[in-house]
Amino acid sequence: MKTLEISKNVNLHHHKTEKFNDITLSFRYKNLISNTNRAARTFLTQILNDTCIAYPTKDAVTRCLDTLYGSNYKVLRDTYGKLDVIEFRLSTLNGNVVNEDLLTKQIDVLNEFIYHPRIMNGLFDETLFKEMKERLVLMIQSFHDQPGNHANDQAKRLFNTTQELKALPTIEEIKSCTNEDVVKAYHQLIEDDALDIFVLGNYDEEDVTARIQSKFKFNEKHSILDVLDKNIRENHDEIIEQKAISQTRVVMMFTTNQTMLDESYPAILLANGLFGSFPTSYLFQEVREKRSLCYSISSRIDNYDGLITVQTAIDGKNYEEVKDLILKQLQRIKEGDFDDELLETTKKMNINILRSSIDSQKSCLTLDYREVLFNDSLRIENVIEKLRQCTKEDCINAFKQVEPKLTYCLMQEDHHE
Amino acid sequence: MNKLKNTLNEMIYTDTCDNGLKIVVWHKPDFATTACLFATPYGSLDSSQKTSDNQILSFPEGIAHFLEHKLFESEEGDVMNEYSALGANVNAFTSYNETVYYFDTSDEDVDKPLNLLLDFVQDLRITEQSVEKEKGIICQELNMYLEMPDSRLIFETFKSMYKNHPIKNDIGGTCDSVNKTTKQDLETCYSLNYHPQKMTLIAVTPKNPEMIIQLIKENQARKTFPEFKEIKRYFDKEPNEVLLQEKIIHMDVQNQKTCIGFKFSGLNQTDLNRVKTDWAFRFIFESHFTTMNPDYQKWITNHKISPYFDYESEFSKDYALTLFFDEGINEKEFEQFILDEIQTLKEKGISKEALMQLKNRSLGETLSVFNQPDNITVQYFRHELTGVNMFETIDVIKNLTVEDCNEIVKEMDFSNYSISIIKSAQ
């Protein structure tokens, strides 16, 4: 990846590869979560995805994207540690494949969507704003209608104030969000948010740099250096809520007290693999394979936040047994109750995932962004090398710092002790 | 061995083993990943089958899915662990028409995981005890899907639409049918449906394709299989009418979810014509029921539909259907809206410009599938199942005319439909 600073804190990253038939443009705007209004930013992901001045109707947008052979345009919001990131992504067939210049229009279209939204007299088009509000309310309700989503979101809210900020906005927040709030969030995004632009595919780097510089005008942005978050929670609490469902959801959250910039990063990644992220892991083997207590169980590590989250869906009558089993497996890793063969297998699985990720456009962009946020220290080759060198003791030491902090159970209502 | 160049000048090699196993190797020299799929056209709809001597064999619903779970057992214990030791990911899925086993790896060594794929799928090792143990896991899986309102809505709609066709059953069956399944049932179904002559192996790889084909042939040459016996899906004749016109299911949801399922007769025509009908139908519906239609905005603004409005269609030999979904909309008004718009669509048809727009889009989408090794394998197999391969399908799309699309939709009979509603009991 080659990086150029094209304005203060606006960086252009070229990732040239002949592997894909598409060219992807990804504009990632970042600000601190503590500075942003999540409801208004969630609004932006919908409103800036729908229409713009140049393409003011849904059919005009569809027609435009279809002239680019069904180009895929998305606006996404995500959090990375302390960051609230909004990404505009437009993937289009490489013009070389069909002997047409598609790149000029691709850059134009993205410029129209990002810089020319339907704001008139200081407000978003009122009909559009109303429609997006209705859409968001429906989206949030539907999200919570899925028991797995609901349990996860609820666990986040109950964990601590840092995690609560990363949960979806509530329906009340969406309903009380005004058109003015969303316009304010838009101006903050364009004027203040630091920006990273990624170009992925087979193209001429100089040509694309020149096109982007001539098409987009960027103002100077603030720099954001402090990315990683520390999650603190004093006690381990257990919270049980009821819902009229016939399967119980369990979400268990642990603090790792480590981040991806710590020396222990590869070790904690491996130790979590031993604990619950692969079919060979103790959680999968003990809870599913040996006792048939669930269909799926996994432990996901979030190294931006220093958290591990275990999730499963079980019969409510087995809740106590499953909870004990999860904690027992954590203890086994801490005590080094695993052999070198399992450690080697887990290393191989982690390395395979990292290597395969460069064959997917989406994973390429995720890895590129991580490299940008951490100044190359987490380049894939470096991580693979460090994983290879990790010892059993490294994994034990890393996992010794892992502490259970919240057990959230969404209990099926038909279950009675 | 046959060699073929696709639209992007990538080489695709095809061959057949002496035992009938079909092989496809798609060469992707720029990729690090090798993705392989091994599949049989045996899915959840095949729980009853008819032999060539007209014997009807019936098994508990969900047996294809149960079998998929059990094939992961090996002499050494668990196939997943063996793959993990090779640093490769393995998994499988069962759908209505197929069972698919697949792995991917970025390791230099592709031979071991590929041999393992051929070996574990071609060797069922189960005990009474291991079959019993799996029942609890499968029941939790089935319960998980039943708790998801969107998948539940589709299951319930199919149940209301069909009286005899096995699409009325969930892919995994029910906890009851799973508990009734025996070791003997699994062994019988396995011997009937996993013969190499029925199966296909597809690899997308940066490795030398000829060596991959050689490896597969050598693996197959080491094994013996009983004589291949033809067997077909069986079910009693399905009436044209739906079984139930309306069904309400109570779940703990905030938004009412509605699905209208239109039932058509299966398309018992040539494979090519069926695929043509399928695409013509997709395009004409896409031109009317999506944001391509300028009226779409009006429908949203006037609350005729919500942003969750969607539809899907399927046209196969023995069933054909279209489902419309929406959320938070009154079901009666939704029903009237759909019926009115189908009438409008029949009268208006598709324009030349809209058809061109959709052809452009579908070409872009197909080429985008070529970016992902795992996606290529599944899409390639799905096309093979239709009897018209991926590249022939591109030609079918290219040659579709406005008249083809308009005629097809005019001939469709939309009078048989069923409505399912999921809402809160309060």
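Me: Which residues of chain B does UniProt give for the feature "domain: Peptidase M16 C-terminal"?
Reply: This is a predicted model, in which local features need pLDDT of at least 70 and side-chain atom pairs count only at pLDDT 80 or more, while totals for chains, interfaces and linings use all residues. Residues are numbered from 1 along each chain as its sequence is written, and chains are lettered from A and ligands numbered from 1 in the order in which they are written. UniProt positions are given in this numbering, with feature names shortened and annotations that may be inferred rather than shown by experiment. In an unreviewed entry, UniProt places the feature at residues 182-360 of chain B.

Me: How far apart are the end C-alpha atoms of residues 182-360 of chain B?
Reply: The span is 43% helix and 20% strand, where helices (H or I, at least four residues) and strands (E, at least two) are DSSP runs numbered from the N terminus. Its end C-alpha atoms lie apart by 50 Å.

Me: How far apart do the C-alpha centres of domain 1 and domain 2 of chain B lie?
Reply: The domain assignment of chain B, which is automatic or from a database, gives domain 1 (2-233) and domain 2 (246-423). The distance between their C-alpha centres is 28 Å.

Me: Which element gives the largest share of the side of domain 1 of chain B that touches domain 2 of chain B?
Reply: Two residues are in contact if their C-beta atoms, placed from the backbone, lie within 7 Å, and this contact takes 32 residues from domain 1 of chain B and 28 residues from domain 2 of chain B. Among the elements that each supply at least two residues to the domain 1 side are β3 (22-27), β4 (34-40) and α5 (149-161) of chain B. The largest share, eight residues, comes from α5(B).

Me: Which element of chain A gives the most residues to the side that touches chain B?
Reply: The contact between the chains takes 52 residues from chain A and 55 residues from chain B. The elements of chain A that give two or more residues include α2 (58-67), α5 (126-145) and α14 (340-356). The most, eight residues, come from α5(A).
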